[in-house]
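The following note collects several points for discussion. It is intended to be read alongside the sequence and the coordinates.

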Amino acid sequence: MTTEAIHDSHEHDHHDHKMTGIKRWLFTTNHKDIGTMYLWFAFIMLLTGGALAMMIRVELFQPGLQFIEPDFFNQLTTVHGLIMVFGAIMPAFTGFANWMIPMMIGAPDMALPRMNNWSFWILPFAFSILLASFFMESGAPNFGWTFYAPLSTTYSNGSTAFFVFAVHIMGVSSIMGAINVVVTIMNMRAPGMTYMKMPLFVWTFFITAYLLIAVMPVLAGVVTMVLTDTYFGTSFFNAAGGGDPVMFQHIFWFFGHPEVYIMILPAFGIVSTIIPAFARKRLFGYSSMVYATASIAFLSFIVWAHHMFTTGMPLFGELFFMYCTMLIAIPTGVKVFNWVATMWRGSMTFEVPMLFSIAFVILFTIGGFSGLMLALTPVDFQYHDTYFVVAHFHYVLVTGSLFSIYAGTYYWLPKWTGNMYSDKLSKAHFWCSLISVNILFFPMHFLGLAGMPRRIPDYALQFADFNKWVSIGGFAFGLSQLIFLAVVIKCIRGGEKAEAKPWDGAEGLEWTVPSPAPYHTFEKPPKID
């Protein structure tokens, strides 16, 4: 047999045994399939975590203990936080990265396809373990998603080991996904695709991947110390054995602060892709956006103790962390300015991805301003551990990260499915989400300033009115997400065929590449007067 014949027969074998059904999804190494699985998994987790949040809001609808035992309330807040952070937001962005990065840099697939498959498939097991703890005798972890010692060590219930194991598996998945992204971007860019020509979404996820590789081992370390303190008699966080409970907070927040930027940087990338497309202009200040993203990532490592102003640090420490935290406002402000400048005098149209992106810019800025308030050491003593903090980080993570995930999904869904989705339904999803999310989170600022502590199942009578509105907003927001489910399923099943460039972007700008284009692929962009 000639080599050509052997090659042909191999090709023939390969095509004969194309996997179908469940096998296709279990064994796939295709970046698009894996991206799709990440996105569906994230959405299922979003609905799961949302269901827990709605149970929390049912209890808080009125003062007094109605439906839920205080211990179960703590379990709900803990698992809700863990699921939303590690199960919804992060996997969704990883799904976007898997789908879009190879196409944006001209690579055939991700660099390490089998590791890619593995990094996804261990996630459902991690969250099964975490959710299964609800049905155990001891109940789910009840010490908050930040699992401060000694709550998670000396006073924890029997499910700590399961919680630690689940977090380890999530961390392994994140590290593998991040290594894959870094190797792909560094080694597999098409000729001419220099670093400063990469689309901004690629840049933001590239930087996010470095953050993940840097901080996930810190999380692994701190959960392992919690494990040994709880079950093996060590005293890392036990003062009686020479340990220090505040050390837990230092280690945890050294992971935890870069972690919150891991959940927002990819959002910046998505929004920087969508706004130029619907403003029909180049992104304003591309290189400043790249440098701003890198500076935010760098600064995120030296601000961790702003979560700890009330632990009794030396004054110098408080000043240092206060100034460094306020410094992050500068590159973030550069980004917001650039998005607004991109829209300025553009030929804007307001399709659903653009609506979500504009909502992102405005509401994320509100979250940023309340973060600036929390950065001020003296006033943080009043805000700390109140609903003001809850309002702040939900504005950043819901109207920030989640809205950008919706924006990106609506933007690329025609590319992913080949079909256009219902404009009416998707706009209904946007407006219902926008109105309800503000009814849900805005009053929390006032509750917090008035002194209502977070993570408490009961409250004083004077907070009743605002809490009623917050709960109504919560149910409305949760139910609005079912519209999104309907839109996506309808779009996958059919609908009018999407054109090659469904958004009719600026002339000569390919819709996956809103950044400066590689020189050999595009004509000069038109002059905009």
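Which residues does Asn117 touch, not counting residues up to four places away in sequence? The points below begin with that residue; the model is a predicted one.

1. Asn117 touches Trp25, Leu26, Phe27, Thr28 and Ile34, when residues up to four places away in sequence are not counted. Asn117 itself is found in helix 5, which covers residues 113-132. Its side chain reaches the backbone oxygen of Thr28 at 2.7 Å. Asn117 counts as buried because its relative accessible area is 11%, and the cut-off for that class is under 20%.

2. The second largest pocket holds about 490 Å³ of space. Its lining is made up of 26 residues, and Thr36, Leu39, Trp40, Trp416 and Val488 are the ones that lie nearest the centre. Two or more lining residues come from each of helix 2 (21-27), helix 3 (31-60), helix 4 (70-105), helix 14 (387-417) and helix 16 (464-493). Of these, helix 3 gives the most, with 8 residues.

3. Sorted by class, the lining of the second largest pocket has 19 nonpolar residues, together with 4 polar and 3 charged ones.

4. Asp385 is found in the loop between helix 13 (377-383) and helix 14. Is Asp385 buried or partly exposed? Its relative accessibility is 36%, so Asp385 counts as partly exposed.

5. The backbone also contains a cis peptide bond, which runs from Ala149 to Pro150 and has omega near 0°. Pro150 lies in the loop between helix 5 and helix 6, the latter covering residues 160-187.

6. Helix 12 spans residues 352-375 and has 24 residues. From its first C-alpha to its last, helix 12 reaches 34 Å, close to the 34 Å expected at 1.5 Å a residue. How many of the 24 residues of helix 12 are buried? The number is 17, and helix 12 is thus mostly covered.

Notes. Residues are numbered from 1 along each chain as its sequence is written. This is a predicted model: local features need pLDDT of at least 70, side-chain atom pairs count only at pLDDT 80 or more; totals for chains, interfaces and linings use all residues. Side-chain values use heavy atoms; hydrogens and water are left out. On a 1 Å grid over the protein atoms alone, a cavity is a set of points where a 1.4 Å probe fits but cannot get out, and a pocket is an open set with protein on both sides within 12 Å along at least five of seven lines; lining residues have an atom within 4 Å of a point. Grid points are joined across faces, edges and corners, and a volume is the space filled by probe spheres set on the points. Helices (H or I, at least four residues) and strands (E, at least two) are DSSP runs, numbered from the N terminus. Ala, Val, Leu, Ile, Met, Phe, Trp, Tyr, Cys and Pro count as nonpolar, Asp, Glu, Lys and Arg as charged, and the others, Gly among them, as polar. The expected span of a helix is 1.5 Å times one less than its number of residues. Buried means under 20% relative accessible area, exposed over 50%, partly exposed in between (1.4 Å probe, protein chains only). A polar contact is a pair of N or O atoms within 3.5 Å; within protein, one must be able to donate a hydrogen and the other to accept it, and residues adjacent in sequence count only if both atoms are side-chain atoms. Contact means heavy atoms within 4.5 Å.
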